[in-house]
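Dear colleague,

Please find the structure for your review below. My notes on it follow directly after.

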Amino acid sequence: MAVLDVLFVHNNFPAQFRNLAQIMSRNSAVRVRAIGARTAPGLKGIETQRYSFPNHDVSAVHPFARRFEIESRRAEQVIYAANMLKSTGFFPQLIYVHPGWGESLPLRILFPDATICAYAEFYYLPSGTDVGFDKEFPQFGVDGETRVVLRNAATLLALADASYAVSPTHWQRSIFPVELRPKIHVVHDGLDLQRLRPRPPEWSASIGQHAFSPDDEIVTFVARSLEPYRGFHVFMRALPAILKARPKARICIMGRDDVSYGSVVTGHNSWREKMLAELDGKLDLSRVHFFGHVPYDDYLALLGRSQAHVYLTYPFVLSWSMLEAMALECLVIGSDTPPVAEVIQHDVNGLLVPFFDIDALSGQVVDALARPDQYAHLRRAARQTVVQNYDFLKTSWPHHVRLIEEHSYSSRLTQALNAETTQMA
């Protein structure tokens with residue numbers, strides 16, 4: 001019978017908590033539950049209390065307060081979901097929550113004695129990070145910058161309530177107010193390196209409807225959504241030179257047509273449509289493949305064939321895809337922006353180019369395709385970087401156990417988790 005209750009709260013559960021929730025759910029002394037939105041994927045074996053969250057008209061609310069209005073309504077739904085769990089006898093001693101959608105707001109009141117860990121993913125600043133980085137797009141005035149700063153309201157309240165917090169990279173921690181940093185520990189979500197292993201190129205001779213020959217030079221680009229925040233516009237502008245210089249190059253682009261971060265495109269249905277219109281007549285579209293959102297195994301297969309993997313980002317949160325590519329011994333050509341430069345050292349375990357330098361990007365990709373043997377050592381070093389620093393079982397999980405031990409009032413909790421660590425060792 002379970003002696004410890006652990007709760008994960010994330011509107012899109014499991015999201016960043018996938019590995020953590022899975023390992024805890026395998027412990028017979030721990031009972032794991034989750035709260036998420038109706039559309040959350042969930043995890044097999046973990047009961048998820050889902051809530052509905054219909055669209056709300058916030059036009060009558062002051063623009064500065066509209067985000068907090070929506071977060072407050074979501075928090076109300078979390079109260080109902082949490083009370084449903086309490087009615088079943090579930091009272092968490094440990095809670096993990098992503099505060100970005102307001103779901104953390106009622107948790108300390110609902111569970112006053114729980115150890116709460118907040119996921120400190122990003123702190124919005126009016127300048128110096130993502131805002132104002134790309135001068136191609138309209139810049140915010142004072143009103144816009146004020147709205148940006150006010151996006152932090154729920155996160156700040158969550159950090160005040162939290163027993164401690166975790167942030168996935170040192171750079172992401174560094175942009176939080178200095179007064180809060182002592183409460184925030186750098187613990188990456190971690191990767192499953194048993195699954196993420198380099199494979200021989202022939203392992204992925206075909207992906208879906210696309211067949212590849214051994215002579216094809218595969219260039220990969222991955223983003224949840226194809227948008228400027230992840231450098232999609234810069235990458236597309238580099239393609240004419242790459243395709244001209246390397247006749248056997250095949251460009252494999254994975255990502256959805258919606259917008260995850262930043263503004264929606266104007267005049268077109270998607271950024272993909274906009275960039276194809278801008279580059280009309282300059283691309284051999286028979287060698288540019290848009291895969292959309294692909295199954296995970298197909299995604300790994302494409303990365304397994306990649307001879308040059310491009311990862312670009314504004315100064316923003318680091319994507320799992322870059323580390324996954326490194327784990328598979330891809331040659332990553334990344335933007336020289338934080339937090340990419342926190343992981344990749346130029347010409348040591350990957351390559352860095354200035355975010356906006358299209359010629360530098362295309363030139364580096366062309367050279368990588370022309371001289372693959374010259375970069376083999378970077379591929380091996382890339383995986384070694386991930387093995388040393390981002391292996392969930394060997395790095396992230398032990399760090400979580402130490403933090404729970406330092407901040408939990410429940411000796412039974414740390415004893416159970418330490419037992420799990422010992423069993424896996």
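The notes below cover the sheet, the helices packed on it and the aromatic rings.

This is a predicted model, in which local features need pLDDT of at least 70 and side-chain atom pairs count only at pLDDT 80 or more, while totals for chains, interfaces and linings use all residues. Residues are numbered from 1 along each chain as its sequence is written, and side-chain values use heavy atoms, with hydrogens and water left out.

**Sheet and helices**

Seven strands form an open sheet with parallel pairing, in the order S3-S2-S1-S4-S5-S6-S7. Helices (H or I, at least four residues) and strands (E, at least two) are DSSP runs numbered from the N terminus, and two strands pair if DSSP finds at least two bridges between them. Strand S3 (47–51) and strand S7 (184–186) are the edge strands, each pairing on one side only. On average, neighbouring strands of this sheet are turned by 20° against each other, direction ignored. S1 and strand S2 (residues 30–37) run parallel and are joined by six bridges; Phe 8 stands opposite Ala 34 in S2.

H1 packs on the sheet and touches S1, S2 and S4 (contact: heavy atoms within 4.5 Å). The direction of H1 makes about 160° with that of S1; axes are lines fitted to C-alpha atoms, for helices over the stretch in contact, and angles run from 0 to 180 degrees between N-to-C directions. Helix H14 (residues 392–407) lies across S4, strand S5 (115–119), strand S6 (164–167) and S7, at about 165° to S6.

**Aromatic rings**

The whole structure contains 23 aromatic pairs. Rings of Phe, Tyr and Trp (its six-membered ring) pair if their centres lie within 6.5 Å; planes under 30 degrees apart count as stacked, over 60 as edge-to-face and the rest as tilted. Phe 17 and Tyr 96 form a tilted pair, 6.1 Å centre to centre with 55° between the planes. This pair links distant parts of the chain, 79 residues apart: Phe 17 is in the loop between strand S1 (4–9) and helix H1 (18–25), and Tyr 96 is in strand S4 (residues 94–97). Phe 17 counts as buried because its relative accessibility is 4% (buried means under 20% relative accessible area, exposed over 50%, partly exposed in between; 1.4 Å probe, protein chains only). Tyr 96, at 1%, is likewise buried.

Phe 122 and Tyr 124 have ring centres 5.1 Å apart and planes at 80°, so their pair is edge-to-face. Both residues are buried. The charged end of Arg 151 sits over the ring of Tyr 124, 4.3 Å from its centre (NZ of Lys or CZ of Arg within 6 Å of the ring centre and within 35 degrees of the ring normal).

Kind regards
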